[in-house]
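Morning, everyone. One structure today, and I'll start with a pocket. Have a look at the model first.

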Amino acid sequence: MDIKFTNRLSYKQARLTVLVGFILGTLLSLIQIGIDYASEDASINREVQALLQISHNPASRIAYNIDAELAQELTGGLLQSPAIIRARLIDNNDTVLADVQRPRLEDRYRPLSDFLFGEQRQFQERLYLAHMPREYLGTLYLDVDTYTFGSRFLDRSGVTLLNGFARSLVLTGILLALFYMMLTKPLVTVIAALSNSDPRKPQQTRLDCPHGHELDEIGVLVKVANQQFVSMATEIQQRRAAENRLTQYLNELEDIVSARTDELKASNSRLSQTNQDLEEARRRALEMAQARAAFLANMSHEIRTPLNGMLGMIALTLDSSLAAEQRQQLSIAHDSGKVLVELLNDILDLSKFDAGQLELERIAFDLGAMVEDTANLLSQNAASSVELTCLIAGHFPSTVLGDPTRVRQIVSNLVSNALKFTRFGRVDVRLTPIVGGVRLEVSDTGIGIPEEAQVRIFQPFTQAGAGITRQYGGTGLGLALTRNLCKAMQGHLHIQSEAGFGSRFSAELPLLTHTEAIPPAPLRGRVVALSKAGSGLAELLAVLLPSWGLDYQQLDSPADLQQTPLDLLITDDLEHLLDLRPGLTAPILLVTAYGNFLPGEQATALAPLVQLARPLARNALYQTLRRMLQGGAPDAPLLHEFPRLQQRRARILLVEDNPVNQLVAKGMLGKLGCEVVLATQGAEALEQLEQAAVDLVLMDCNMPVMDGYEASRRIRQSGRWPQLPIVALTANAMPEERERCRAAGMDDYLAKPFRREELLALIEHWVPVND
Ligand code: ADP
């Protein structure tokens, strides 16, 4: 490796040393020259003073004698001195005795010398004799040219400086050579050896130390480099060994990975085989579930049809005149049949949950009215010592969105349980709007449920205690179904109960408001209620009547009534009623338990009197109050419990192949005041339609020759009866069935077995009143 001369260490070191030496040498030379200058400057004055002292006596004598000739000689002699350029002698009368001079020397260094010592210096010596020191005789003047001394000084200074430079130069050369020998050369040797060595070959990597440098820094450098070479070589060797091992591991790993990959492939193919098996099993399970659902549907059809017939026929027979014992026996048979139908419905619903087939509707319906209707229907089952009340919040929406059938099931299950397990006290059904839905609360003062049983009762076929079935009957399906329904609607069902103190079931359901509450037109009058403070009636009236604008007061005892002015008395106090009338002119609204209406004579005795059965529905109460307060008819007709069951004169085409079902439906329709035209299958129905107009078609679905679907399709296709309502009658309760009926052109659906009220509601809906 070639290093530039100026970059070499020896050069740099020599340059630095020489520079320092040169600066120091020059400084010392300058100091020496300065000292020399001071002594030269002093020597000028000394030499001239010495000359003046020597000349003092002869010059004094000459002045004393006023001898111009001798004076000339003396001054001429003084001028011989190289530094004197002018000598003058004057006596005490300032007469010049002698004045000699010569030109001064000119040279090129003169200005420098004049600058250092001055151009010339003048000396004078007052003359007197030694024995007459006070007698002034004259003055000797000498002019000195400093250049004589200056040129000598300049010569010496030049030599001094040159000497210094020459010494520096020589020193530089010597040092350069020395440093090269001592430093650069051995280093260059080491560098060359290092450049040529290959650390991967350990045997080649030993450097030789330059001779004579074994113990100095270069020796140490070589030693350290050799040690580094050794450790590098060792490390390289170790790395090579590690690399070899790594390669070996990699190879082994590759072997393992390929073995594992093979295993994975094998297990993958096993897995996909299992997956296929699972998929196959799932498909089979689904098929089985579908088969089960179809089986259930068929089974329900098969069971419902005869049941329908049986119940219908018993109901019809019950309406005819019978001996008391026969009536009782048939009633029991009818009730048992109804329980069987409910059980069948519950089992079917539960199996729908299992098969994931439950489909929820989302339509607007009046939940308040539905709760009142349901409670009304179920009130038949209430003990007369139980007060069933529907407490619906004043601002409860007119209609909400949801599945009315399923909500009715929830209400019906909870209320029928509450009534079943309560012998005395109250059963309240409360409806309140909550954020994002409604809360339905059914509370009772019945037997309650022990805490440990509260979780259990939601399991299918489970009851709170062992004696329940014996004492109260039931299957243990209702709550399981209710909870499943609440869950399916994204709602919750909570229970709060204490054994012996009653229960409170509250269902929170996300049924959103469809139409807000519409407040009825305000009523005017003063209404007094005679009912116990803790009664459901008092609670209901206290909320409803003020909100309808009525002046309302509640009294506990009939004694308080004497002084109270009133337009109408509402009471549930049968006991004191007969004693009240004589002193009371206002009309009375009597609220009784189901089936406890006062017989005709008693009612007439109490006129004006109107009787309403519990639970009071808001609309029925409002209409009754309006009539009683504003219509004021003293002999207003008695309202009977089902105002809906009024006679309807409608012409109905019943298409049904089963003679039992024909009889049942015909009987029910006849009782409702309808005229029935009969057809046993679809084709016959079409013929009947051709012959005479009807208001409604009740169409069985499964019939020989032409089934109900086909017949409906044809009726619609003909275009002749576009407005004619067709209602399917079917025992198949599955949702697909409904869809199928709609697709065939039918308007509505009635599941068999149906009750008379259901049939009436249907006719009321589809056949407009035309009287
Ligand atoms: P079922 O009423 O047919 O027995 P449910 O599932 O409706 O079946 O009720 C299960 C059990 O929960 C009942 O048997 C009864 O022990 C208890 N239970 C339900 N509701 C009430 C209630 N309101 N008061 C007391 N016990 C009740």
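Helix H12 gives the largest share of the lining of the second largest pocket, 3 residues. This is a predicted model: local features need pLDDT of at least 70, side-chain atom pairs count only at pLDDT 80 or more, and totals for chains, interfaces and linings use all residues. Residues are numbered from 1 along each chain as its sequence is written, and side-chain values use heavy atoms, with hydrogens and water left out.

Terms, quickly. Helices (H or I, at least four residues) and strands (E, at least two) are DSSP runs, numbered from the N terminus. A pocket is an open set of points on a 1 Å grid over the protein atoms alone, where a 1.4 Å probe fits, with protein on both sides within 12 Å along at least five of seven lines; lining residues have an atom within 4 Å of a point.

Back to the pocket. Its lining has 22 residues. Nearest its centre lie Lys-532, Asp-572, Asp-573, Leu-574 and Arg-614. Two or more lining residues come from each of strand S6 (386-392), helix H12 (574-580) and strand S16 (588-592).

Now composition. The lining has 6 nonpolar, 9 polar and 7 charged residues. Here Ala, Val, Leu, Ile, Met, Phe, Trp, Tyr, Cys and Pro count as nonpolar, Asp, Glu, Lys and Arg as charged, and the others, Gly among them, as polar.

Where does the second largest pocket lie? Domain 2 (364-515) and domain 3 (526-641) both give residues to its lining, so it lies between them. Those bounds come from an automatic or database domain assignment. The chain also has domain 1 (5-172) and domain 4 (651-766). Over C-alpha atoms, the centres of domain 1 and domain 3 are 159 Å apart.
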